[in-house]
Amino acid sequence: RMKGASLHEELMPYGRTIPYKERKNDILRMKSLGFNALRTSHYSHDEDLMNIADELGMLILEEIPVYWLCDFKNPETFRVAAKMAKSLIERDFNHPSVVWWSVGNEIPVERPIVSRFIKRLMEWVRKFDDTRIVTYVSMKLFSDLTRRHADVATINYYFGWYVASPKLISLMLDVMRTPAFNKPWIYTEFGAGAKYGFHDDWKQQTKYSEERQLYVLDHSIRTFNSKDYLAGWFIW
């Protein structure tokens, strides 16, 4: 089971020009927490990251920046996305740490034109590398039928933070899995925010308290680890 976090290529005070040593320290910290994978959100990161992951033994989930509001009707959008995917594969296909290619994040795949776009883009990626996982990241609980065409089904959803309670995760996962029951699932984003040092009574579950954050993460991870079909989870 893959266990890890999503990683933005931003670190104060360096911005995106992160020194090699700081990138390495970041991965060492993740490994110290028991993580074995990370997701580059939502664009290609500097190749130093892959070199370090190869050295230290950390799996990498790579992604291109195809988002919610892209003009999916425009042929130029597909051309650019296809070029980004091809360039990423050509750069990183020799890195053993890289285990998947994602062609988008939280895209509106319930729309037929977007579904066709994503299925076509996944097939394009498989032409260049059919040895790794090819997928996209979804945020649709029940309206996503496109995930049946991906190698791994995914979901971003923040139970206990943006909506409802983490106690709903188990039921929702079992129900949404029905159209794609014959493949592994990965929970690609979940979590809760907290202000460092802000504490409140455990029973109050005050938003932005460290106790509320801990509750959401703890219950979520316990639920994920109880599901045989869930192949991984990534904290946001």
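**Exercise 1. Describe the surface and overall dimensions of the chain.**

The accessible surface of the chain comes to about 11700 Å², with 56% of it belonging to carbon and sulfur atoms; such areas come from the Shrake-Rupley method with a 1.4 Å probe, and for residues only the protein chains shown count as cover. The model is predicted, so that local features need pLDDT of at least 70 and side-chain atom pairs count only at pLDDT 80 or more, whereas totals for chains, interfaces and linings use all residues. Residues are numbered from 1 along each chain as its sequence is written, and side-chain values use heavy atoms, with hydrogens and water left out.

Turning to dimensions, the C-alpha atoms fill a box of roughly 55 × 45 × 30 Å along the principal axes. Buried residues (under 20% relative accessible area, with exposed over 50% and partly exposed in between, 1.4 Å probe, protein chains only) make up 48% of the 236 residues.

**Exercise 2. Work out how phenylalanine 78 and phenylalanine 117 are paired, and which elements they link.**

The whole structure holds 13 aromatic pairs, where rings of Phe, Tyr and Trp (its six-membered ring) pair if their centres lie within 6.5 Å, and planes under 30 degrees apart count as stacked, over 60 as edge-to-face and the rest as tilted. Phenylalanine 78 and phenylalanine 117 stand 5.4 Å apart, centre to centre, with 85° between the planes, and form an edge-to-face pair. This pair links helix H3 (residues 75-92), which holds phenylalanine 78, to helix H4 (residues 112-128), which holds phenylalanine 117, across 39 residues; helices (H or I, at least four residues) and strands (E, at least two) are DSSP runs, numbered from the N terminus. Phenylalanine 78 counts as buried because its relative accessibility is 8%, and phenylalanine 117 is buried at 5%.

**Exercise 3. Determine the setting of threonine 154.**

Threonine 154 belongs to strand S6 (residues 153-156), and it counts as buried because its relative accessibility is 2%. A polar atom of the threonine 154 side chain lies 2.7 Å from the backbone oxygen of tyrosine 136.

Conventions: A polar contact is a pair of N or O atoms within 3.5 Å; within protein, one must be able to donate a hydrogen and the other to accept it, and residues adjacent in sequence count only if both atoms are side-chain atoms.
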